[in-house]
Amino acid sequence: MMDFSGGAYGGGKAGGAFDPISFAMRPTVVLRAVCWLFAIIVFGCISSEGWREENGKEYCIINRDSNACNYGVGIGVIAFLASMGFIAGEYFFEQMSSVKTRKHYVLGDLGFSALWTFLYFIGFCYLTNAWGKADDPPNGEGVNNVQASIVFSFFSIFTWAGCAYFAFLRFKAGVDPSFSSTYESDPNAGNQYASYPVGGGGADSDQYQPAPFSGQQQQQAGDFTAPTY
């Protein structure tokens with residue numbers, strides 16, 4: 001099990017050395033790669049063998065329901081692209097120096113993964129129900145592909161649920177107090193030097209900073225009387 005304690009949302013401070021081997025072995029990266037592979041199988045099987053042509057028109061062999069084929073291809077293509085995006089996000093995650101940016105990424109990961117878990121569940125139920133009502137294709141062409149897309153839609157429910165779980169652990173871990181810098185933890189840090197004089201010794205600063213002892217010298221000069229002879 002991956003340890004998300006310490007740092008900010010499961011990641012250390014930015015600027016650390018990148019180890020490609022340890023990165024490839026992270027459970028989150030491995031799970032994303034599995035999601036990516038399953039997505040290819042789901043939309044690839046339906047796209048290649050899920051359609052037939054009859055009387056000059058194409059129809060979906062899954063109970064002649066074009067929505068079933070389009071749904072399977074749609075969620076698979078989006079899952080394929082999203083998996084690549086999240087793998088890239090895992091690479092850049094520990095390069096994010098902003099705690100807020102990491103939080104937004106984790107929340108986006110959690111929301112999308114949970115949503116696609118639900119959509120794959122709907123897709124599995126939809127495809128299974130439509131395929132159960134469908135007539136056998138001529139010569140059994142496309143049967144294996146459709147069944148593979150249904151099976152890997154079922155597997156994808158658990159892989160995306162695992163991604164959502166890891167994202168939840170990251171969000172729950174939050175930010176280690178030692179990770180936050182003094183500037184981020186102190187909202188008044190930007191104003192701690194506000195009382196420093198701004199004049200900087202320029203020409204306009206003379207009117208605010210009179211020369212030392214100038215008042216005494218003027219008073220002594222006013223009391224002086226010239227001697228009489």
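1. The structure holds one disulfide, a term used here for a pair of cysteine sulfur atoms within 2.5 Å. A disulfide is a covalent bond between the sulfur atoms of two cysteines.

2. This is a predicted model, in which local features need pLDDT of at least 70 and side-chain atom pairs count only at pLDDT 80 or more, while totals for chains, interfaces and linings use all residues. Residues are numbered from 1 along each chain as its sequence is written, and side-chain values use heavy atoms, with hydrogens and water left out.

3. The disulfide joins cysteine 60 to cysteine 69, with 1.8 Å from S to S. The link of cysteine 60 and cysteine 69 is right-handed, with 70 degrees about the S-S bond. Cysteine 60 is buried at a relative accessible area of 1%, and cysteine 69 is buried at 0%. (Buried means under 20% relative accessible area, exposed over 50%, partly exposed in between, with a 1.4 Å probe and protein chains only.)

4. Which cysteine sulfur is closest to that of cysteine 35? It is the sulfur of cysteine 163, 3.9 Å away and therefore too far for a bond. Cysteine 35 is buried, at 1% relative accessibility. Cysteine 125 is partly exposed, with a relative accessible area of 34%.

5. Helix H3 (residues 66-93) packs against helix H4 (residues 99-133) at an angle of about 155 degrees, with the axes 10 Å apart. H3 is therefore roughly antiparallel to H4 (angles under 35 degrees count as roughly parallel, over 145 as roughly antiparallel, 65 to 115 as roughly perpendicular and the rest as oblique). Axes are lines fitted to C-alpha atoms, for helices over the stretch in contact, and angles run from 0 to 180 degrees between N-to-C directions. Helices (H or I, at least four residues) and strands (E, at least two) are DSSP runs, numbered from the N terminus.
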